[in-house]
Amino acid sequence: MSKIIPVFIPHAGCPHQCIFCNQRTISGQKESGINAAREQIEKYAVWTKLSAGNELAFYGGSFTALPFEFQEELLKLAMEYRIKGLIGKIRVSTRPDYINSPVLALLKQYGVKTVELGAQSLDDSVLAKAERGHTGAQVAEAVKLLKAEGFIVGMQFMVGLPAQDWSSVKKTLQQAIELRPDIARIYPLLVVRGTALAKSYAEGEYKPLTIEEAVEQSFYLYEGLTQAGVKVIRIGLQPDKELCQEGNILAGPFHPSFGELVKSYGYKIVVQKQIDALPGGAYEITITHPPKLASIVRGMHKANVKAWEADGKVKIKFKEGQEFQTNIVCLAGQNTI
Ligand code: SF4
């Protein structure tokens, strides 16, 4: 099975710190030099099978904003492991305002296939509040340039940013769909220790989303992107040891299985809409689902089942099958709806 070998270069290249970001806490990696990069790869190399499908990914900083020479040094390091057969592909994550032709030529020269952009939002007022230092138009330009050069393009989005309301999330989704990235990640904003957001939260200026709000907004993005053919490869931060250490997440909608909550919410509303449309009476709903979706369809601790059955109108049964579908029977007349 192909693996991603992550190499964190915390804040390397970032021209400043965005208000919500503390990569050293989020990634657990403190150093961003060449030796630290090599150490991280070596740790993976011990137990990772050589495979051309493996991908080395430079995360946690602004790769293309690094001095040119250091970008090249890191790419040469990656090539070393490509020649050894540990990896076959390279990806980088970076800021949209540091995408230009010379930088892309360098990435191409070293066989980088995928570039992930921290877009977060495409709403200029939200981007300004988050002190991102770039505009939505710059994100669009970067995506277009990357696509024109044949890169696989990733975009990262956030929900819960200061000044980001529902209409802003909706506009961002619409614009993102028009840009047609290949892959996307969705993160709910958390208040992490050592950030400007933590100060704003402590002073009562910033109010995080509740977990329910974050799930609803993330699902909106997930559904819209997926329907537009964008592959959503991650929802919610990786709950690693450093991030989860007491005192690191000060507030916000954190859940170790946030992605599962979001996907589960999708099934919850689909079935709930069907229940709400039923005339009065008693019904049995048989939900067929692929085996791997069992817990997602039922919801965490069967939360979906409890919600569907809450008012006693329906009784839920499950059956394994190839596709998700529902079959509703009216218990009074045994009619299938
Ligand atoms: S969000 Fe990205 S650009 Fe901003 S400080 Fe963090 S790593 Fe750097």
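Mentor: Start with helix H6, where Gly136, Gln138, Val139, Ala142, Val143 and Leu146 are buried. Buried means 20 or more other C-beta atoms within 10 Å of the residue's own; exposed means 12 or fewer; partly exposed is in between; C-beta atoms are placed from the backbone. Helices (H or I, at least four residues) and strands (E, at least two) are DSSP runs, numbered from the N terminus.

Trainee: What makes the buried residues of H6 line one face of the helix?
Mentor: Seen down the axis of H6, they fall within an arc of 155°, so they line one face. The arc is that of the directions from the helix axis to the C-beta atoms. On the other side of H6, Ala137 and Ala148 are exposed.

Trainee: Before we go on, what kind of model is this?
Mentor: The model is predicted: local features need pLDDT of at least 70, side-chain atom pairs count only at pLDDT 80 or more, and totals for chains, interfaces and linings use all residues. Residues are numbered from 1 along each chain as its sequence is written.

Trainee: How do you know that the length of H6 is close to what is expected?
Mentor: H6 covers residues 136-148, which is 13 residues. The expected span is 1.5 Å times one less than the number of residues. That gives 18 Å, and H6 reaches 18 Å from its first C-alpha to its last.

Trainee: What do the buried residues of H6 pack against?
Mentor: Strand E4 (112-120), helix H5 (124-129), strand E5 (152-159) and helix H7 (166-179). Contact means C-beta atoms, placed from the backbone, within 7 Å. Just after H6, Gly150 takes a positive phi of about 85°.

Trainee: How do you know that the span of helix H3 agrees with its length?
Mentor: H3 runs over residues 68-83 and has 16 residues. At 1.5 Å a residue it should span 22 Å; its end C-alpha atoms are 22 Å apart, so the two agree.

Trainee: Which residues of H3 are buried? And why are they said to be on the same side?
Mentor: Gln71, Leu74, Leu75, Ala78 and Tyr81 are buried in H3. They cover an arc of only 110° around the axis, so they sit on the same side of H3. An α-helix has 3.6 residues a turn, so residues three or four places apart point the same way. On the other side of H3, Phe68, Glu69, Lys76 and Ile83 are exposed.

Trainee: What covers the buried residues of H3?
Mentor: The cover includes helix H2 (34-45), strand E2 (55-59), strand E3 (89-94) and helix H4 (101-109). After H3 comes Gly85, with a positive phi near 95°.

Trainee: Why is Cys18 called buried?
Mentor: Cys18 has 21 C-beta neighbours inside 10 Å, so it counts as buried. Cys18 is in the loop between strand E1 (4-8) and helix H1 (23-27). Leaving aside neighbours within four places in sequence, Cys18 is in contact with Ala130, Glu131 and Arg132. Cys18 and Glu131 are 113 residues apart along the chain, yet their C-alpha atoms are separated by 5.3 Å.

Trainee: Which residues are around the ligand?
Mentor: His11, Cys14, Gln17, Cys18, Cys21, Gln23, Gly61, Ser62, Arg95 and Gly118. A residue is near a molecule if its C-beta atom, placed from the backbone, lies within 6 Å of it. The shell divides into three nonpolar, six polar and one charged.

Trainee: Why is Pro279 called exposed?
Mentor: Pro279 has 7 C-beta neighbours inside 10 Å, so it counts as exposed. Pro279 lies in the loop between helix H11 (258-277) and strand E10 (283-289).

Trainee: Why is His301 called exposed, and why is Lys302 called partly exposed?
Mentor: His301 has 9 C-beta neighbours inside 10 Å, so it counts as exposed. Lys302 has 13 other C-beta atoms within 10 Å, so it is partly exposed. His301 is in the loop between helix H12 (294-298) and helix H13 (303-309), and Lys302 lies in the loop between H12 and H13. Phi of His301 is near 50°, a positive value in a residue other than glycine. For Lys302, phi is positive too, near 60°.

Conventions
Ala, Val, Leu, Ile, Met, Phe, Trp, Tyr, Cys and Pro count as nonpolar, Asp, Glu, Lys and Arg as charged, and the others, Gly among them, as polar. Two residues are in contact if their C-beta atoms, placed from the backbone, lie within 7 Å.
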